[in-house]
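The stops below go from the whole chain to single residues.

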Amino acid sequence: MPVNDVATLNKMTTIKLDHLVTTEPQSLANGSLGHLLPLIFKPFTANIPQAHTLQIPLSKILHHDARINTIFSQHSPDDIVPLYDSQARLWNWALPTTPPQSSVNSNDALPQTGAERFTHEEIFSSFFNALGTAMAKKLGTPRSATRTWSASHSTVAVSGSDIKCKPDLVLSDDIKPKWGNIRVCAELTYSQYKPAQQIVKTADTQAYLLLSNQPWRHFAFILSSTNQYCELWVLLYNHAGGVVTPCIQIHQNPDSFIQIIAPVLFGSPECIGYDSTVTFWKSVPLPPPPGTKIPDYRPFKNLPTCTNRSITIPAEHDPQELPTNHEAKSTLPDNDLKSISPIDDPLKLSRGLTQMPPSALHLILPISHTLINRPQNPAARSMSKTNIYTILKILFTTKASLVSELSLSDHWVQGGKAKVLNEINMLKAMSGVHGVPELIDHWLVERSDNIVDQTRDYRRAENPSIQGTHRMHVRLVMKPCARPLHAFRTLKEFVRVIRDIAIIQCKAVERSILHHDCSLYNVMIMGKPNDSNGLLFDWEFAVFITSNDEYSIGGTGTIPFMSRALLAQMAELQTKVTQQEACKSSSKNLALPPSRVSQSFADDLESLFYVFTYVCIKYSGPNDEERQEPVPDSLPDSWSTLDLEVCKLRKVYFFAVSLEEARLEKQFHPYFEKLVPLAKEW
């Protein structure tokens with residue numbers, strides 16, 4: 001699906017979240033934070049100060065109104081004054097109380113003589129930062145100079161993405177926030193909170209951008225200030241939908257308010273959605289040789305390392321701008337084996353977190369002393385309960401990482417443990433077939449409290465519309481390593497891989513198995529260019545073939561690569577769903593009626609044709625060389641609409657009308673022109 005504007009992405013996220021957002025009842029907020037927030041803030045154990053104890057120099061209160069000027073009229077700028085007024089039950093900060101107006105303070109704030117006027121976003125960002133400074137003193141920790149709220153992107157889109165999104169506030173460790181290093185976003189609105197209003201659609205899109213650019217996150221975290229900016233809502237988005245917490249009155253319930261802000265600013269990255277088994281390091285340690293015991297080993301937390309024996313990653317590179325050909329070198333000889341010790345200060349763990357590129361990713365689980373072979377340039381580490389795996393490269397954010405001669409698949413499987421084990425069982429059933437990954441290891445990913453991470457835990461209750469939608473976090477280690485199809489080296493290799501995938505699909509049928517999900521990122525290449533073969537990846541949705549070829553919905557594939565027959569069935573189901581009242585919130589209605597679809601080997605082969613065509617039109621050569629010139633009304637784009645009925649009709653028309661052959665030939669990039677006869681014959 002080609003997406004390059006906010007409006008389209010808003011529409012997509014709205015459809016994806018249909019009936020999948022749980023709103024906690026407001027009754028839970030009586031002096032508490034509801035169900036979700038105590039759960040995700042559990043790793044933060046510091047004693048949070050009460051609002052009336054927070055103090056700040058008067059000169060640091062940047063925004064005054066008549067009340068503030070009156071109560072502090074006898075104080076000098078250097079005097080330490082309370083940040084919260086317990087009698088008035090208001091923060092001593094002139095927060096906005098009226099709708100925004102262009103270039104002026106739309107509240108009762110009285111700007112100091114000669115001072116510039118500030119936007120609502122700038123007032124709130126300075127307030128959040130002042131609040132953090134006051135809490136840091138009470139917590140006894142220095143306030144990080146770079147860990148700040150910023151309103152700089154309220155009028156200028158965040159760089160590094162085709163989606164020009166402008167969050168009101170962002171919290172980032174970097175002075176140049178990008179979607180790869182933003183921790184939390186916040187949105188401001190004068191109106192009351194409503195699930196269908198624009199501010200929520202904006203939050204949906206921001207959450208998507210955070211999760212897609214930071215695949216190591218379990219969830220994204222958005223703050224929403226509504227109802228004359230007096231109510232704070234927390235919107236959490238994960239791989240199974242979303243949760244909205246009860247609102248907190250910012251002024252009337254200040255202690256609950258800072259119980260949210262404190263973990264966001266000072267808690268471990270796990271509190272705001274980062275995987276506790278992922279660590280970002282500027283210096284990536286080389287593992288000792290196989291069999292070496294690690295004395296008193298315990299897992300690293302989300303901290304930058306300062307060990308001597310390391311791989312050094314240049315700090316000046318932005319996470320999204322690290323050169324793909326970057327090579328790191330060891331700073332010490334191989335025989336210099338020094339034990340690696342974790343850093344224990346929980347308040348330092350955020351300093352390097354979002355500054356690291358994906359090549360500095362570490363995935364860690366405890367209890368391990370056995371190591372695999374040490375690679376030349378490790379960039380990340382993953383640990384199961386028995387082995388440590390050093391990750392060399394992130395292949396693509398949706399599926400796998402390259403681990404020496406292995407591939408590590410990190411994904412969220414829909415359903416319970418039986419569904420989680422489906423891919424494992426299918427790989428075992430396909431064992432011995434060339435071009436099918438060999439399973440080496442697998443495990444369920446746990447949170448820091450040693451509980452398996454699953455999205456069901458984040459919801460207090462499960463309405464019928466979200467039954468069966470929860471997901472469980474699982475990692476699989478497989479061999480051999482592979483590269484994506486579009487990373488082919490020669491035209492001959494590209495064709496050979498397509499042929500191999502068709503053979504693998506056929507051999508699967510011989511074992512009474514249907515792969516069920518042939519798409520661009522599941523077709524991969526293994527081996528060297530002169531001796532490479534196709535590898536069919538991701539057997540999560542594979543099924544044993546039934547006598548009537550009917551299966552439950554789940555493995556129908558990705559829209560651009562779905563067959564005409566499948567699109568016809570899914571379009572009919574989509575029509576039934578759209579007849580229901582549009583509602584993002586979970587409900588007693590089912591979001592999708594329980595149904596089954598008919599699918600066969602022919603559907604998988606048709607999907608492979610769309611994969612083949614996609615590469616020939618969207619790419620201009622080997623080695624991931626994407627096509628630069630636009631292709632008006634390209635076939636892959638026309639096959640990627642949100643309306644499944646329209647998508648089906650376009651594919652039917654393509655195969656039924658002979659003139660479409662000329663269109664196909666015209667859209668093939670010249671590099672692939674020798675393959676036009678193959679496409680026509682197919």
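What share of the contacts in the protein chain with a separation of 6 or more comes from residues 24 or more positions apart? The share is 70%, where a contact means heavy atoms within 4.5 Å.

This is a predicted model, in which local features need pLDDT of at least 70 and side-chain atom pairs count only at pLDDT 80 or more, while totals for chains, interfaces and linings use all residues. Residues are numbered from 1 along each chain as its sequence is written, and side-chain values use heavy atoms, with hydrogens and water left out.

**Whole chain**

Colour by pLDDT, the predictor's confidence in each residue from 0 to 100. The mean for the protein chain is 76, and 69% of its residues reach 70 or more. Select residues 110-115: pLDDT is below 50 here, and the stretch has 8 contacts in the model beyond near neighbours in sequence. Residues 586-594 also stay under 50, with 28 contacts beyond four places in sequence. Where pLDDT is low, the predicted coordinates should not be read in detail.

Switch to cartoon. The protein chain has 15 helices and 33 strands; these are DSSP runs numbered from the N terminus, helices being H or I of at least four residues and strands E of at least two. Of the 682 residues, 54% count as buried (buried is under 20% relative accessible area, exposed over 50%, partly exposed in between, with a 1.4 Å probe and protein chains only).

**The nonpolar cores**

Select L485, F494, W539, F668 and F672. These residues have the most contacts inside the largest nonpolar core, which has 63 residues. Such a core is a set of buried Ala, Val, Leu, Ile, Met, Phe, Trp, Tyr and Cys residues joined through side-chain atoms within 4.5 Å. Helix α11 gives the largest share of this core, 8 residues. Apart from it lies another core, of 59 residues, with L83, A130, A136 and W149 among them. In soluble globular proteins, nonpolar side chains tend to be buried together.

Centre on F672. Leaving out residues up to four places away in sequence, F672 touches F488, L491, F494, V615, C616, Y619, S620 and G621.

**Aromatic pairs**

The whole structure holds 31 aromatic pairs (rings of Phe, Tyr and Trp, the last by its six-membered ring, with centres within 6.5 Å; planes under 30 degrees apart are stacked, over 60 edge-to-face and the rest tilted). Show Y610 and F655, an edge-to-face pair at 6.4 Å centre to centre, with 70° between the planes. Y610 is in helix α11 (residues 601-618) and F655 in helix α13 (residues 644-656), so the pair ties together parts 45 residues apart in sequence. Y610 is buried at 1% relative accessible area, whereas F655 is partly exposed at 34%. F654 is buried, at 8%.

Then show R564: its charged end sits over the ring of F655, 4.1 Å from the centre (NZ of Lys or CZ of Arg within 6 Å of the ring centre and within 35 degrees of the ring normal). For another case, go to R217, which lies over the face of Y274 at 4.3 Å from the ring centre.

Is Y619 buried or exposed? Y619 is buried, at 6%, and lies in strand β32 (residues 619-621). Its C-alpha atom is 7.2 Å from that of H669, 50 residues away along the chain. Beyond four places in sequence, the contacts of Y619 include H486, D624, R627, H669 and F672.

Move to N623, in the loop between β32 and β33 (625-626). Phi of N623 is near 60°, a positive value in a residue other than glycine. N623 is partly exposed, at 45%.

**Last stops**

R89, in the loop between β4 (84-85) and β5 (90-91), has phi near 55°, again positive in a residue other than glycine.

Finish at K479 and P480, which are joined by a cis peptide bond with omega about 5°. P480 is in the loop between β24 and β25 (483-484).
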